[in-house]
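My notes follow the display.

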Amino acid sequence: MKLFCLVLLAAAIAFPQAQRDFLTADEADQVREAQEPNDRMKLYIHFARQRLDLLQQMLAREKAGRSALIHDTLEDYTKIIEAIDVVADDALKRKLPMEIGMAFVADAEKDMAQQLQKVKDATPRDLARYEFALDQAIETTTDSVELSTQDLSGRATAIAVQDKKEKDEREAVMNPKELAAKKAEDKKEATSKRKAPSLYKKGEQPKEP
C-alpha cells in the first residue's frame with residue numbers, strides 16, 4: 001500500500017495539469033464555431049478579459065487557498081494569449097484577412113498588460129506563490145502586443161522563414177527513403193484540389209444548425 005501511494009504521488013507531481021484545460025468545454029465549442037480568424041481572436045480576447053476579471057475578484061478577498069486559484073487563472077490566461085498568436089500566424093500562412101482582429105487584439109492586450117503590471121506593483125501578500133505565473137502572463141502579453149502591432153507582411157515573411165528552417169531541419173535527419181516519401185506526399189498535396197480554408201482541427205465538423 002505504501003508503494004502504491006508513492007506511485008500515485010509521483011504521478012501527481014509529474015503530471016499536475018494533465019486533467020486541466022485552459023478553456024472550459026463551452027468555450028472550446030465557441031472557439032471551434034468561430035472559423036473566421038478575426039472572430040476567433042476577438043473571442044479569445046473575451047475569454048482573457050474574463051480571466052482577468054476573475055483574478056481581480058480573487059485578489060479582492062483574503063481567502064485561504066486563493067493563491068493556487070490565482071496561479072491557475074494566470075496560467076490559463078497566458079495560454080489564451082498564446083492561442084491568439086497561433087490563430088494570427090495560421091491566418092497569415094493561409095493569407096486570410098485579419099487586420100480587424102489584429103487591431104482589436106493590440107488595443108485589448110495593451111490594457112490587459114497594464115492591469116497585470118498593476119497587480120505586480122501592488123505586491124499582494126501571497127505574491128511569491130504565483131509571481132512566476134504573473135511574470136509569464138505579463139511577458140507573454142507584452143510579446144503578443146509587439147506581434148499584434150508588427151507589420152503583417154514582415155511577420156508573414158518571418159513565419160515563412162521559420163517554417164522553412166524547421167522543415168529543412170526535419171528533412172536533414174530523414175533517411176533517403178523517408179525523404180523521398182515526404183517529398184512525394186508534399187507534391188501530392190500541392191497538386192490536389194485546394195479546399196476552402198478552415199480553422200477546424202482534424203476530425204472536427206461544424207455543428208448542425
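I listed what Thr 73 touches and found Arg 51, Leu 54, Leu 55 and Met 58, leaving out residues up to four places away in sequence; contact means heavy atoms within 4.5 Å. The model is predicted, local features need pLDDT of at least 70, side-chain atom pairs count only at pLDDT 80 or more, and totals for chains, interfaces and linings use all residues. Residues are numbered from 1 along each chain as its sequence is written, and side-chain values use heavy atoms, with hydrogens and water left out.

I placed Thr 73 in helix α4, residues 66-94; helices are DSSP runs of H or I with at least four residues, numbered from the N terminus. Is Thr 73 buried or exposed? Thr 73 counts as buried because its relative accessibility is 8%, and buried means under 20% relative accessible area, with a 1.4 Å probe and protein chains only. I also noted a polar atom of the Thr 73 side chain 2.8 Å from the backbone oxygen of Leu 69.

**α4 against α6**

I checked how α4 packs with helix α6, residues 131-148: the angle is about 15° and the axes are 9 Å apart. The two are therefore roughly parallel, a term for angles under 35 degrees. Among the residues making this contact are Leu 74 and Ile 81 of α4 and Ala 137 and Thr 140 of α6.

**The chain**

I counted eight helices and zero strands in the protein chain. Of its 209 residues, 33% count as buried.

Key
Buried < 20%, exposed > 50% of the residue type's maximum accessible area, 1.4 Å probe, protein only. Polar contact = N/O pair within 3.5 Å; in protein donor to acceptor, adjacent residues only side chain to side chain. Axes fitted to C-alpha atoms, helices over the stretch in contact; angles between N-to-C directions. Parallel < 35°, antiparallel > 145°, perpendicular 65-115°, else oblique.
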